[in-house]
Amino acid sequence: MDAISLTASAGRALDLQWMSVALDLARRAASLGEVPVGAVLVSPEGEPIARAHNAPIRTCDPTAHAEILALRLGAQERNNYRLAGCTLYVTLEPCAMCFGAIVQARLARVVYGAADVKAGVIESHLQLPENAPANHHLQWEGGVLAAESAVLLQDFFRARRGK
């Protein structure tokens, strides 16, 4: 195996590790009656900076998406609203609001689980990483533990409809 393959393999293992943590946070959100989305912000060195899950119902805050909360916590931890070089792992493709915050934070990369066919703007709609009129460009990868993320969301909404 060559050096590039080893690097890619190690990167994939880290993506799976952090997405698993994000899934645990999403499960926590579901247990609190929130839409099950979790997010983990990771430093360029691979260390977790912030962890969050959706909380708009509990906080009465329409902006309390997992991504926004993780970015807020990360900015406070770093004492800087710029989070250059960081990666955000989130179980659902970000919406327009979250994508805007991701760009403002100057993240290097976003990794997400399930596509959001209703509101996702990375690849489901708008393809903002390629089409946004911003001077900051980020890398992204979708579909990491997508099935697990999607099942969690489907089960949550199926249970809500059943009530």
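This is a predicted model: local features need pLDDT of at least 70, side-chain atom pairs count only at pLDDT 80 or more; totals for chains, interfaces and linings use all residues.
Visitor: OK, so what covers the buried residues of α3?
Guide: The cover includes β1, β2, β3 and α4. Buried means under 20% relative accessible area, exposed means over 50%, and partly exposed lies in between, using a 1.4 Å probe and protein chains only. The buried residues in α3 are A66, E67, I68, L69, A70, L71, G74 and A75.

Visitor: How far does α3 reach from its first C-alpha to its last?
Guide: With 13 residues, α3 reaches 18 Å, close to the 18 Å expected at 1.5 Å a residue; the expected span is 1.5 Å times one less than the number of residues in the helix. After α3 comes N79, which has a positive phi near 55°.

Visitor: Stepping back, how many helices and strands does the chain have?
Guide: The protein chain has 6 helices and 5 strands, and from the N terminus on they run α-β-β-α-α-β-α-β-α-β-α. Helices (H or I, at least four residues) and strands (E, at least two) are DSSP runs, numbered from the N terminus.

Visitor: And what share of the residues is buried?
Guide: Of the 163 residues in the protein chain, 43% are buried. Among contacts between residues at least 6 apart in sequence, 57% join residues at least 24 apart.

Visitor: Let's turn to the strands: which way does β1 pair with β2?
Guide: β1 and β2 pair in the antiparallel sense over 5 bridges, where two strands count as paired if DSSP finds at least two bridges between them. They form a hairpin with 5 residues between them, and G46 in the turn has a positive phi of about 90°. One of the bridge pairs puts A39 with A52 in β2.

Visitor: What else pairs with β1?
Guide: β3 does, in the antiparallel sense over 4 bridges; A39 stands opposite V90 there, and V40 has Y89 as its bridge partner in β3.

Visitor: Is β1 enclosed or open?
Guide: β1 is largely enclosed by the rest of the structure, because 5 of its 5 residues are buried. In a regular strand the side chains alternate between the two faces of the sheet. In β1, G38, V40 and V42 point one way, A39 and L41 point the other way, and all are buried.

Visitor: How many residues of β3 are buried?
Guide: Strand β3, residues 87–92, is mostly covered, with 6 of its 6 residues buried. β3 also pairs with β4, in the parallel sense over 5 bridges, and in β4 the partner of T87 is R109.

Visitor: New topic: how many salt bridges does a search of the whole structure find?
Guide: The search finds 7 salt bridges, each being a side-chain nitrogen of Lys or Arg within 4 Å of a carboxyl oxygen of Asp or Glu. In one of them, the side chains of E45 and R78 meet at 3.9 Å, N to O. E45 lies in the loop between β1 (38–42) and β2 (48–53) and R78 in helix α3 (residues 66–78), so the pair ties together parts that are 33 residues apart in sequence.

Visitor: Which residue forms a salt bridge with R109?
Guide: E141 does, the closest N and O atoms being 3.2 Å apart. E141 lies in strand β5 (residues 139–141) and R109 in strand β4 (residues 109–114), so this pair ties together parts that are 32 residues apart in sequence. R109 counts as buried at 18% relative accessibility, and E141 is partly exposed at 28%.

Visitor: And where are R158 and D155?
Guide: They are 3 residues apart in helix α6 (residues 146–162), separated by about one helical turn, and R158 forms a salt bridge with D155, with the closest N and O atoms 2.9 Å apart.

Technical notes
Residues are numbered from 1 along each chain as its sequence is written. Side-chain values use heavy atoms; hydrogens and water are left out. Contact means heavy atoms within 4.5 Å.
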